[in-house]
Structures are given as C-alpha cells and as structure tokens.
Amino acid sequence: MNRIVEVVADKVALIERSQEIILSRLQAAIESRDRFTIALSGGSTPRPLYEALSSQALPWSKIHIFWGDERYVPATHQDSNQLMARQAWLDKIEIPDENIHPMHTNSANPAQDAQKHEAELQKFFQTKTGEIPVFDLILLGMGDDGHTASLFPHTDALTVSDRLVTVGNKDGQPRLTFTVPLINQARCVLFVVAGANKRPALKQVFAEQADAMNYPSRLIQSQGELFWLLDRAAGAEL
Ligand code: 6PG
C-alpha cells in the first residue's frame, strides 16, 4: 500500500486537488486500457467536485461511472447518491447511458439487489466468481464516526470478505455498499475529507492502534495508491 496524505488549505483547494488526481489517473487509464472505471462516493463533500468535473472536456464514452455505496431509496429520492451525481455532473455531459452503472434499489430486497449489482460488476469486468474486479479509482468520503462508503461501525458489512457488494446498515436503514476487499483492490483509492467535525475520527483512523470495527476507514488499505486528501479543518492535527 502506498499511502499519501495531503492537507490543503480549504474546500476549494480540496476540490481542485481531488480533480487533479482524478484527471491524471483517468488519462493514465485511458492511455493504457482505453477506459477509466470510477466508483463515486455520496454525501455532501463531493458535490462541488462533480460540478467541476462536469465542465471538463473528456472522452466520456471511455469513462464508466459506478457508486461505492447507495442509500436504499428510489433513484429519484433526495437521499439518492445516484441522483446527486446526476444532478451535479452526469446530466450535464454527453455520456452514454450504458456507461452509468448504478446500484439498483428497487426490488424491496437489499440483499437481492446487492447480489444483482455484484453480478453486473463481474460481467462488466469479466471476472470469475472469487476474482475481485480492479477499479481504476474509488472515491471515498469519511463520516465523523469513521465510516466510509456504507461500512458503518460494528456492522456485519465490515467483515464480509467473500462478496463484492453487500448490505450496509446505518441506524437500521439498509444501504448497498462495496465490501472492503473490493475497495482495497482498486488501483487508486481517494479519500476526500473536509471539516473540523471529522478531526476526532481521523485521529483514530491514523492512530498506531485503534479498533477498526469502531473506525471502519482503517480497513481501507488499498493494494494500489491510497490518497487521503484533507482540508486543514479536518487534517490540522495529523
Ligand atoms: C454516503 C457516502 C458516505 C459519505 C460520508 C461523508 O452514502 O453518504 O458514501 O460514506 O462519504 O458519510 O459524508 P459527507 O461528505 O456528507 O461528510
């Protein structure tokens, strides 16, 4: 694992630097494999990043968009990560529909929808059962409890090692989430974290010793690059 921690002045710098990292990995992926696969994070932090990316002139037909997690709500629901990314970015660009690969949340059976998305990932990446797809970049946020994607503290999802997608649980609300093994297989994992409210959890995530079940972001030890991009409000004490 190649962990890089960068603390930048503020949210504007955070968005600029995360866009820089994404665009450079995008260019490298397209040069070497003629496509770029990215899994998006939800929440509020990445919205301005998605808005910035929507004004980039990129080979959209070679870019494939996934999500690392999704709230178990309809794609039209205000809490939907898919809806946020479409409104901030994807509805503003000429990207083929087939290049957008949302997690389905419409069967009323989260476990079934998790398995369905897992099968879609295996088909897209042409991996066999047991083989883990390699994303070019997985974008992650971190909650002030140290969760990432929908891998929440002390939930079953944290220890799922034989699946690619599983059912997360936030205070009893189901979510769909990439598993730790899938995230850790990525060529590049990029955490983008802002705000002083994230400071206590960041200290635990970066501590020599801490319980990863309490601070699930500690479980992310990607086999490729691991970027932690923080604004000063979040990363001041690291
Ligand atoms: C989600 C995200 C989640 C998010 C963190 C941070 O579905 O909400 O994937 O993991 O990244 O909760 O959220 P903020 O960026 O809003 O602080």
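Modeller: Let us begin with a term: a polar contact is a pair of N or O atoms within 3.5 Å. Please keep in mind that this is a predicted model.

Colleague: With that cut-off in hand, how far from an oxygen atom of the ligand does a backbone N or O atom of Ala149 lie?

Modeller: The backbone atom of Ala149, an N or O, lies 2.7 Å from an oxygen atom of the ligand. Side chains take part as well, for a polar side-chain atom of Ser44 is placed 2.7 Å from a ligand oxygen, and an N or O atom in the side chain of Lys198 is also 2.7 Å from an oxygen atom of the ligand. Of the 420 Å² of accessible area that the ligand has on its own, the protein covers 87%.

Colleague: Which residues are the closest to the ligand, and how many surround it?

Modeller: The ligand is surrounded by 15 residues, and the closest are Thr45, Asp69, Arg71, Ala149 and Lys198. Sorted by class, this shell holds 2 nonpolar, 9 polar and 4 charged residues.

Colleague: What lines the second largest pocket?

Modeller: That pocket, with about 180 Å³ of space, is lined by 14 residues, of which Glu118, Gly130, Asp162, Arg163 and Leu164 lie nearest its centre. Helix 4 (110–125) and helix 5 (180–184) are the elements that each give two or more residues to this lining, and the largest share, 4 residues, comes from helix 4.

Colleague: A cavity, as I understand it, is space where the probe fits but cannot get out; how many cavities of 30 Å³ or more are there?

Modeller: The count comes to 2 cavities. The largest has a volume of about 40 Å³, and its lining has 6 nonpolar, 2 polar and no charged residues, among them Ile15, Ser41 and Thr45. The second largest cavity also holds about 40 Å³, and its lining consists of 10 nonpolar residues, with no polar and no charged ones, including Phe36, Trp60 and Trp89.

Technical notes
Residues numbered from 1 in each chain as written. Predicted model: local features only at pLDDT ≥ 70, side-chain atom pairs only at ≥ 80, totals over all residues. Heavy atoms only, no water. Near = heavy atom within 4 Å. Polar contact = N/O pair within 3.5 Å; in protein donor to acceptor, adjacent residues only side chain to side chain. Areas by Shrake-Rupley, 256 points an atom, 1.4 Å probe, with all protein chains shown as cover. Nonpolar A, V, L, I, M, F, W, Y, C, P; charged D, E, K, R; others polar. 1 Å grid on protein atoms, 1.4 Å probe; cavity = no way out; pocket = protein on both sides within 12 Å on 5 of 7 lines; lining within 4 Å. Points joined across faces, edges and corners; volume = space filled by probe spheres on them.
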